[in-house]
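Let's take a friendly walk through this structure together. Keep the view open beside the text and find each residue as it comes up.

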Amino acid sequence: MSDMTGQRIGFVGLGSMGGPMAVNLARAGFAVVGYDRRAEAAAPLVAEGGRATASAAEAAAGADALVLMVVNAAQAETVLFADGALEALPAGASVILMATCPPGAAAALAARVEAAGRRFVDAPVSGGVAGAKAGTLTIMAAAPADLFAQNRALLLAMGSRLRHVGETAGQGATVKAINQLLCGVHLAAAGEALALAKSVGVDPAVVLDIMSGSAAMSWMLTDRGPRMIRDNPEVTSAVDIFVKDLGIVLAAGQDAGAATPLAATAHRLFVASSEAGHGLEDDSQVVHVFPTLKA
């Protein structure tokens, strides 16, 4: 059925994005039982009427769906199998993987989940912490049509742009990889442009103003550009996130036999930025890698 409001949802991963997502589920009327390794991370969910548990298996017990908003595929595997969440989840219930994972890893997890008599939705998200808080995430879901319909209300409680991208696990992860390919390449290009302006003595702020109103404009330029020309901007997404995500893009391209030369170049730039000590800084700080490169 498509209206799951009031049903029990297990939620593992109550971090900067997962926490607000779980809160939005509780506000929408779902009975949310959450778990995070940091017990204090559950406080906002509890304040909204949700419940905290001491283990992932407890969160999954009796749930109609188990949402995983963890760091990566390895962590999802640990939660499901080593920590006993899958075994605790009732037969026929849904596992909804919303972390950014390589397509092959998502497909492999799906096969193991389905072999155990549960169902799997590959549903990564885009929109960052702001989108998670506002409930405006873009959700790229791959699952059989009936399973997608069954979980539609749940997903819409977390994201206003819900798209059914295919019926096979790994397709959602591939669409997310494409999203990160474009974001990473656009971000690296913006950094290169503003670094070039500075190197020839042109005020990067003037260049940013001109380009933001021209055909050269991109969302990444207008969003990250102002942070590139500020000292110590607030971290909204770290350099190391793009080291990881562009690595996933390269793996997805290799698995599909598709060339990704621009993603490979952007990945090298983010790796260089991380190795230079900027890994935990805002991803806009990739701009600092360009003056260190040889022409």
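This is a predicted model: local features need pLDDT of at least 70, side-chain atom pairs count only at pLDDT 80 or more; totals for chains, interfaces and linings use all residues.

Leaving aside neighbours within four places in sequence, Met98 is in contact with Met21, Val67, Leu68, Met69, Ala123, Pro124, Val125, Ile139, Leu155 and Met158. Met98 also belongs to the largest nonpolar core, which has 33 residues. Within that core, Met98 is one of the residues that touch the most other members, together with Phe11, Met21, Leu154 and Leu155. Several elements give two or more residues to this core: strands S1 (8–12), S4 (65–68) and S8 (138–142), along with helices H1, H8 (145–150) and H9 (152–156). Of these, H1 gives the most, with 4 residues. There is also a second, separate core of 29 residues, and among its members are Ala56, Ala59, Val95 and Ala169.

Now turn to Asp36, which sits in the loop between strand S2 (31–35) and H2. Is Asp36 buried or exposed? Its relative accessibility is 15%, so Asp36 counts as buried, the cut-off being under 20%. Look at what the side chain of Asp36 meets: one of its polar atoms lies 2.7 Å from the backbone nitrogen of Leu14. The backbone nitrogen of Arg38 lies 2.9 Å from a polar atom of the Asp36 side chain. Not counting residues up to four places away in sequence, Asp36 touches Gly13, Leu14, Gly15 and Ala41.

From Leu14 you can look across to Phe81, 67 residues apart from it along the chain, with 19 Å between the two C-alpha atoms. Phe81 is found in helix H4 (residues 73–82) and is partly exposed, with a relative accessible area of 27%. Leaving out residues up to four places away in sequence, Phe81 touches Leu86, Leu109 and Arg112.

Charged side chains come next. The structure holds 10 salt bridges. One of them joins Glu48 and Arg27, whose closest N and O atoms are 3.1 Å apart. Glu48 lies in the loop between helix H2 (43–47) and strand S3 (51–52), while Arg27 lies in helix H1 (residues 18–27), so this pair ties together parts that are 21 residues apart in sequence. Glu48 is partly exposed, at 33% relative accessible area, and Arg27 counts as exposed, at 55% relative accessibility.

Another salt bridge links Asp283 with Arg224, and here the closest N and O atoms are 2.7 Å apart. Asp283 lies in the segment after helix H14 (261–278) and Arg224 in helix H12 (residues 219–228), so the parts tied together are 59 residues apart in sequence. What about their surroundings? Both Asp283 and Arg224 are buried.

Asp245 counts as buried, at 4% relative accessibility, whereas Lys244 counts as partly exposed, at 28%.

Asp245 is one of the buried residues of H13, which also include Val239, Phe242, Leu246, Ile248, Val249, Ala252 and Gly253. What covers the buried residues of H13? The covering elements include helix H6 (103–115), H10, H12 and H14. Helix H13 (residues 239–256) has 18 residues and reaches 26 Å from its first C-alpha to its last, close to the 26 Å expected at 1.5 Å a residue. After H13 comes Gly257, whose phi is positive, near 70°.

H10 is followed by Gly201, whose phi is positive, near 85°.

Finally, step back to take in a longer stretch. An unreviewed UniProt entry places the feature "domain: 3-hydroxyisobutyrate dehydrogenase-like NAD-binding" at residues 170–289. In the model, this span is 69% helix and 0% strand, and its end C-alpha atoms lie 33 Å apart.

Technical notes
Residues are numbered from 1 along each chain as its sequence is written. Side-chain values use heavy atoms; hydrogens and water are left out. UniProt positions are given in the numbering used here, feature names are shortened, and annotations may be inferred rather than shown by experiment. A salt bridge is a side-chain nitrogen of Lys or Arg within 4 Å of a carboxyl oxygen of Asp or Glu. Buried means under 20% relative accessible area, exposed over 50%, partly exposed in between (1.4 Å probe, protein chains only). A nonpolar core is a set of buried Ala, Val, Leu, Ile, Met, Phe, Trp, Tyr and Cys residues joined through side-chain atoms within 4.5 Å. Contact means heavy atoms within 4.5 Å. The expected span of a helix is 1.5 Å times one less than its number of residues. A polar contact is a pair of N or O atoms within 3.5 Å; within protein, one must be able to donate a hydrogen and the other to accept it, and residues adjacent in sequence count only if both atoms are side-chain atoms.
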